[in-house]
Amino acid sequence: MTDTPETVKPIHLGQSSALPASPEEAVLDYVPNPRPGKPYLVRFTAPEFTSLCPVTGQPDFAHLVIDYAPGATIVESKSLKLFLGAFRNHAAFHEDCTVGIGGRLFAEMQPLWLRIGGYWYPRGGIPIDVFWQSGEPPVGLWLPAQDVPGYRGRG
């Protein structure tokens with residue numbers, strides 16, 4: 001029997017789950033959309049996201065905002081938290097992390113639409129903000145601004 005969103009049981013929810021060693025090892029859980037056929041927006045904000053610089057090995061920090069309009073499934077938040085935490089020891093450029101997270105969620109969950117904003121703190125004195133979206137949002141979907149201010153330094 002092939003698993004469908006209705007038959008898949010989340011493996012993390014209500015269980016003790018260790019942080020995955022890498023994003024590739026992380027298993028994202030998806031559950032049925034409780035409001036199918038009604039376009040709405042789901043937002044996840046990760047203000048303390050970390051990864052490693054692939055050149056220096058030093059930590060990089062970002063404020064991520066993930067918005068999506070669910071299709072048949074929604075991502076279970078604990079599994080998303082574990083997936084994002086798996087980047088803590090992952091070495092990649094800001095662009096790769098941000099677009100990779102959005103692409104994996106879009107490919108696996110198959111939402112109607114998804115966008116991600118990665119607001120990265122300065123590296124070498126330059127903040128880098130990375131944005132990706134899957135295409136045009138559904139007609140009539142309310143899209144609030146991400147409202148993450150650009151980096152201002154101490155002044």
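Which residues of α2 are buried? I worked from a predicted model, and in α2 I found His94, Cys97, Thr98, Ile101, Gly102, Arg104, Leu105 and Met109 to be buried. They cover an arc of only 160° around the axis, which puts them on the same side of α2. An α-helix has 3.6 residues a turn, so residues three or four places apart point the same way. I then checked the span of α2, residues 94-109, and its 16 residues reach 23 Å from first C-alpha to last, close to the 22 Å expected at 1.5 Å a residue. After α2 comes glutamine 110, for which I noted a positive phi near 55°.

Next I turned to α1, residues 77-85, where the buried residues are Ser79, Leu80, Leu82, Phe83, Leu84 and Gly85. These buried residues pack against β2 (42-52), β3 (59-69), β4 (73-75) and α2. At the start of α1, I found a side-chain oxygen of glutamate 76 within 2.9 Å of the backbone nitrogen of lysine 78.

Last, I looked up β3, in which 9 of the 11 residues are buried, so this strand is largely enclosed by the rest of the structure. β2 and β3 run antiparallel and are joined by 9 bridges, with threonine 50 having phenylalanine 61 in β3 as its bridge partner. The two strands form a hairpin with 6 residues between them, and glycine 57 in the turn has a positive phi of about 80°. β3 is also joined to β5, residues 113-120, by 8 bridges, again antiparallel, and there isoleucine 66 stands opposite isoleucine 116 of β5.

How values were computed
Residues numbered from 1 in each chain as written. Predicted model: local features only at pLDDT ≥ 70, side-chain atom pairs only at ≥ 80, totals over all residues. Heavy atoms only, no water. Helix = DSSP H or I, 4+ residues; strand = E, 2+ residues; numbered from the N terminus. Expected span 1.5 Å × (residues − 1). Buried < 20%, exposed > 50% of the residue type's maximum accessible area, 1.4 Å probe, protein only. Arc of directions from axis to C-beta. Contact = heavy atoms within 4.5 Å. Polar contact = N/O pair within 3.5 Å; in protein donor to acceptor, adjacent residues only side chain to side chain. Pairing = 2+ DSSP bridges.
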